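I opened this notebook page to keep track of what I looked up, one entry at a time. Each entry starts from what I wanted to know and ends with what I found.

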Amino acid sequence: MAKGIWVYAEVRDNKIKKVTCEILSAGRKFADQLGEELCAVLVGKGLAELAPGLGAYGADKVYVIEGDRLENYTTDGYTKVVADLIKEHQPSAFLLGCTIRGRDLAAQVAQRLNTGLLTDCTDIALEDGRLVFTRPIYAGKAFVRAYCPEARPVMATIRPNVLPVDAPQEGRTAEVVPVSADPGDLRQVIREVVRQVSTRPELTEADIIVSGGRGMKGPENFKILEELADVLGAAVGASRAAVDAGWAPHSMQVGQTGKTVSPTIYIACGISGAIQHLAGMGSSKCIVAINKDPEANIFKVATYGIVADLFQAVPLLTEEFKKLLASS
Amino acid sequence: MKIIVLMKQTFDTEAKITLDGQGKINRQGVNLIINPYDEFAVEEALRIKEKHGGEVVLVSVGADSVQEALRQALAMGADRAVLINPEMEEVDEFTTATILARAVSGLGYDLILGGWRAIDDGSAQVAGRVAEILDLPVVNQVTKIEIEAGKAVATRDIEGGNEVVEVSLPAVLTAQKGLNEPRYPTMKGIMQAKKKPMEKKNLADLGLSADQAAPKVKVLEYFLPKPRAAGKILEGEVPEAVAALVKALREEAKVI
């Protein structure tokens, strides 16, 4: 019988991603209730030193798959080594973060293992001994609760920033199991990698997001949002209107045809609140709206609203936050 | 060059979602469109055909209503369409991918394009599963495609940047926003589309049984999110309102 809850440990810039810790924290509880092991799978090169630390977040065991040809992520290489290990050990569940890489890997592994995959889940529950996943559809305009009756492992990708992380247990370490694996034929050849240097957090993982819409009037004005974001350690987002106008790149778009985000604070500046934008940020814990149109739709969902010209309000807000953060 | 485009019909992005009497998603009166990401794939296929010659074949899984979306893509310039109606009560991504892969393998292909996800279920796994079934390399979320001598060179989104990935053809590539700006069908295109071949198939035509395509995932329930209560408008002159906002975030919402 399939046993063990497995979590894909995603690494960026030689650090375990927060979403991995979020999934481990949830996985720990289910592993205890089911009396199964919680295992992490770490794939790459020169990452072994990160493995024991996963224990602090709840992992009992960490499989470390390392190799020269695994230094860069390739769909083929990672799919093969992960799927091979799963075939060998037959865990009951395999969970990944719903990141660009997590999504890419999950679909391939799920099909190779002939199993079901629930993506972008916002909640997991254990009901009658089975894992039940909640996931948004229509970009959050509706939700579905679903499970995988027979095929194992059940697979799911979990949206970053929605599951709480338990405080790491200092001194708790995981058993590290090195795995020698053959990534096989890599049909994707990486010719070039371009990374924008940014000191800001990733949009989907940010705790605070400052976002601009049509009211920004031009690309040059995003500077005032960046200044606010820098004070708060926030990410900067944009509405579809701003992206379609060419003021911001698509990677910054929040909404049904962009990213779905759930930060603690979402500050919408000059955003009218079209239904497809609300779908992308409606699960934010606290929404702040600044718009000069008192009738703007965004005020219907905002926790706090200010009816004002954003060009006056945003710099003032930056100053107020500076004062607040300097005093605390 | 034979290019297959995997296409899905979805609700309009402006659609308001409600549940019907059975607790399922209400499809009545909803405006249907080509999944926007698939529309980028159709456009890219047409551009590749214009440059390198060949044929663009649309393949979709769904009910008869999907013909409308297929006609629209034919009007953009695709050559023909295949629609498979699974006539199954429940389907999941495994089902759809199994059917698409079978249909596509009967057609032959040099390149398979699709949207990286559909805006309805947003699961982003069907194209990847098709690639896996057909044993083809996949590159997801591409914003640029160059075809050179039996290869595709694609630029794909990665976290905090992008990378250029080369794959041999045939391959599966999925479109991200930014790949292109889809054309509008011309009047001539719309007239021509009416005469273009549209094949309708069922599972038996593909030699598949409902069992072989049976979903792996089972839905327990659909529900709508609790509507967000409108909050507080902070009144007064802007400097006061801003100060009140920061105070509220700290003391009332306790989020900073």
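**Entry 1: what I am looking at**

I note at the outset that this is a predicted model, and I read every value below as computed from that model.

**Entry 2: chain B overall**

I began with the make-up of chain B and found 6 helices and 13 strands. The C-alpha trace of chain B spans about 65 × 45 × 40 Å along its principal axes. I then asked what share of the 256 residues of chain B counts as buried, and the value is 52%. Turning to contacts in chain B with a separation of 6 or more, I found that 72% of them come from residues 24 or more positions apart.

**Entry 3: aromatic pairs**

I followed up one of them, Y37(B) with W116(B), whose ring centres are 6.0 Å apart and whose planes stand at 75°, so I recorded the pair as edge-to-face. The step rests on the cut-off that planes over 60 degrees apart count as edge-to-face.

Where do Y37(B) and W116(B) lie in chain B? I located Y37(B) in helix α1 (residues 36–52) and W116(B) in the loop between β6 (111–115) and α4 (126–134), so the pair ties together parts of chain B that are 79 residues apart in sequence. I also checked accessibility, and both Y37(B) and W116(B) are buried.

**Entry 4: α4 against α7 in chain A**

For helix packing I noted the angle between the axes and the distance between them, because two packed helices are described by these values. Helix α4 (residues 222–232) of chain A packs against helix α7 (residues 310–327) of chain A at an angle of about 15°, and their axes are 9 Å apart. Angles under 35 degrees count as roughly parallel, and α4(A) and α7(A) are therefore roughly parallel to each other. I recorded the crossing of α4(A) past α7(A) as left-handed.

I then listed who makes the contact: α4(A) contributes residues including I224(A), L225(A), L228(A) and V231(A), while α7(A) contributes residues including F311(A), V314(A), L317(A) and F321(A). Sorted by class, the contact of α4(A) with α7(A) has 12 nonpolar, 1 polar and 2 charged residues.

**Entry 5: α2 against α3 in chain A**

How do helix α2 (residues 75–89) and helix α3 (residues 100–112) of chain A cross, and within what distance do their axes come? I found a crossing at roughly 50°, with the axes coming within 9 Å, which makes α2(A) oblique to α3(A). The crossing of α2(A) and α3(A) is right-handed.

On the α2(A) side I noted, among others, Y78(A), V82(A), A83(A) and I86(A), and these belong to a contact in which α3(A) supplies residues including D104(A), L105(A), V109(A) and R112(A). By class, the contact of α2(A) with α3(A) divides into 6 nonpolar, 3 polar and 4 charged residues.

**Entry 6: V189(A)**

I placed V189(A) in strand β13 (residues 189–195) of chain A. Leaving aside its neighbours within four places in sequence, I found V189(A) in contact with V164(B), V165(B) and E166(B). Within chain A, the C-alpha atoms of V189(A) and T74(A) are separated by 8.0 Å, although the two are 115 residues apart along the chain.

**Entry 7: backbone details**

I looked for cis peptide bonds and noted one joining R152(A) and P153(A), with omega about -5°; P153(A) is in the loop between β10 (142–147) and β11 (154–158) of chain A. In chain B, the peptide bond from L169(B) to P170(B) is cis, with omega near 0°, and P170(B) is in the loop between β9 (161–168) and β10 (171–175).

I also noted positive phi values outside glycine. K217(A) has phi near 70°, is found in the loop between β14 (208–212) and α4 of chain A, and at 54% relative accessibility counts as exposed. D135(B) has a phi of about 55°, is in the loop between α4 and β7 (138–148) of chain B, and at 56% relative accessibility counts as exposed.

Technical notes
Residues numbered from 1 in each chain as written. Chains lettered and ligands numbered in written order. Predicted model: local features only at pLDDT ≥ 70, side-chain atom pairs only at ≥ 80, totals over all residues. Heavy atoms only, no water. Axes fitted to C-alpha atoms, helices over the stretch in contact; angles between N-to-C directions. Helix = DSSP H or I, 4+ residues; strand = E, 2+ residues; numbered from the N terminus. Parallel < 35°, antiparallel > 145°, perpendicular 65-115°, else oblique. Left-handed = near helix turned anticlockwise from the far one by under 90°. Contact = heavy atoms within 4.5 Å. Nonpolar A, V, L, I, M, F, W, Y, C, P; charged D, E, K, R; others polar. Phe/Tyr/Trp six-rings, centres within 6.5 Å; stacked < 30°, edge-to-face > 60°. Buried < 20%, exposed > 50% of the residue type's maximum accessible area, 1.4 Å probe, protein only.
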